[in-house]
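Please look through the model shown here and follow the account below, which moves from helix packing to the domains, the ligand and a loop.

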Amino acid sequence: MSDSTSLPQIDQEILALIDRRQQLVATQLGGEDRSGGLPAALADAEKVAEKISLTAQTGVSVNARRSILRHIVSACYQASKPELVAFLGPVDSYSHLAALEYFGGGTDLSPVSSIGAVFDAVSRGDCGHGIVPIENSTDGRIVDTLGRLAQGHVNITGELLLAIHHNLLSLSPREEIRQVHSKPQALSQCRGWLADHLPGVELVETASTAAAAEAAAATPGIAAVASLAAATRYGLGVVQASIEDNRHNVTRFAVLGSGAPEPTGDDKTTLLFEVQHRPGALADVMGIVRDHGLNLTWIESFPQPGRPNEYFFIVEFPGHQAERAVAGVIATLRQQTQHLAVLGSYPQGRKV
Ligand SMILES: O=C(O)C(=O)C[C@]1(C(=O)O)C=C[C@@H](O)C=C1
């Protein structure tokens with residue numbers, strides 16, 4: 001066989017194998033919520049890529065194997081149960097990078113212009129899932145996300161922890177930068193660096209870091225705080241890489257949907273509730289969680305719009321609502337709090 005005939009033939013064989021794989025995925029998925037299994041299938045594909053790479057002495061790199069297999073896995077899911085995933089765009093925002101990591105590059109991703117629009121797309125059913133930032137290790141909670149979670153209508157079905165490295169991007173050299181644009185959270189995560197290196201330069205808030213990159217690409221003298229992927233996409237120079245104040249800057253993303261994932265043995269549960277306006281009410285809630293042997297991993301309070309001195313609380317702890325201890329906490333809290341909502345029990349997120 002000559003090279004010119006063998007390569008197309010191999011490509012045909014690869015595609016035929018992918019079709020075979022997709023048919024198997026379609027059979028296995030049946031009526032199930034496809035995204036329950038997708039992150040696990042992507043993780044399995046990564047293990048296969050690593051295992052094969054250990055025995056193969058030559059050939060394509062581990063990274064290439066990893067991304068090819070991940071793409072095949074998500075494309076098979078997409079072909080078996082098509083759906084759209086909404087994220088805060090435009091493309092190459094951190095939310096986009098989180099969506100690619102969680103759902104793989106074979107899933108159809110739909111950019112929208114705000115966090116609220118992600119919630120709208122999922123609650124209206126235009127998109128099967130959405131992904132939104134919920135908490136950052138430097139800057140804390142993402143208020144827009146908590147406000148919309150409090151309104152109900154969608155569940156949390158998964159999470160992902162993404163390492164965030166910000167970059168100063170521009171068409172211009174540093175000395176010609178007059179304005180720095182970005183999402184308030186990104187500006188805040190770099191405020192020390194910006195104060196030290198660009199004192200007095202105007203900071204301009206945008207709807208997302210990728211929207212800032214678009215603005216920087218349109219006008220010399222404007223810089224954006226955004227991802228390296230955005231630099232490539234929008235044709236910007238990297239004036240300075242890694243300008244986040246905290247080297248271990250991580251943003252936790254919540255995956256939104258309407259389903260309820262099955263227990264995996266490594267899950268967490270998120271609850272939202274109001275407590276009565278009396279001394280010790282919140283301490284009582286914490287006591288209930290402790291008495292069931294559970295360890296609170298997150299607690300946030302935020303004001304109820306239009307009701308002074310009244311707060312929602314959001315708490316997270318390990319375990320699934322199908323497990324006895326978690327079910328016990330939920331049942332007791334239902335009696336002792338107001339408007340308790342289980343926002344979701346879902347697999348603990350991995351950090352990438
Ligand atoms: O603007 C983006 O690129 C986003 O995806 C949003 C967002 C956020 O609001 O936290 C996500 C991750 C980073 O923390 C900075 C910005």
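Which residues in helix 5 meet which residues in helix 6? Ile-115, Gly-116 and Phe-119 in helix 5 meet Asp-144, Thr-145 and Arg-148 in helix 6, where two residues are in contact if their C-beta atoms, placed from the backbone, lie within 7 Å, and where helices are DSSP runs (H or I, at least four residues), as strands are (E, at least two), numbered from the N terminus. By class, this contact of helix 5 with helix 6 has 2 nonpolar, 2 polar and 2 charged residues; Ala, Val, Leu, Ile, Met, Phe, Trp, Tyr, Cys and Pro count as nonpolar, Asp, Glu, Lys and Arg as charged, and the others, Gly among them, as polar.

This is a predicted model, in which local features need pLDDT of at least 70 and side-chain atom pairs count only at pLDDT 80 or more, while totals for chains, interfaces and linings use all residues. Residues are numbered from 1 along each chain as its sequence is written.

Helix 5 (residues 115-124) and helix 6 (residues 143-150) pack at an angle of about 30°, their axes being 9 Å apart; axes are lines fitted to C-alpha atoms, for helices over the stretch in contact, and angles run from 0 to 180 degrees between N-to-C directions. The two helices, helix 5 and helix 6, are therefore roughly parallel to each other, given that angles under 35 degrees count as roughly parallel, over 145 as roughly antiparallel, 65 to 115 as roughly perpendicular and the rest as oblique.

A second pair is formed by helix 11 (residues 281-291) and helix 12 (residues 324-336), which pack at an angle of about 160° with their axes 9 Å apart. Helix 11 and helix 12 are therefore roughly antiparallel to each other. In this pair, Asp-284, Val-285, Ile-288 and Val-289 of helix 11 meet Val-329, Thr-332, Leu-333 and Gln-336 of helix 12, and the residues of this contact divide into 5 nonpolar, 2 polar and 1 charged.

The domain assignment, whose bounds come from an automatic or database source, gives domain 1 (1-82), domain 2 (83-164 + 244-259), domain 3 (172-241) and domain 4 (261-347). Domain 2 and domain 3 both give residues to the shell around the ligand, so the ligand lies between them. Of the 15 residues around the ligand, Ser-93, Ser-95, Pro-133, Ser-208 and Thr-209 come nearest, a residue being near a molecule if its C-beta atom, placed from the backbone, lies within 6 Å of it. By class, the shell has 7 nonpolar, 7 polar and 1 charged residues.

Finally, the loop between strand 1 (84-88) and helix 4 holds Pro-90, and the peptide bond from Gly-89 to Pro-90 is cis, with omega near 0°. Asp-92 lies in the loop between strand 1 and helix 4 and has a positive phi of about 75° although it is not a glycine.
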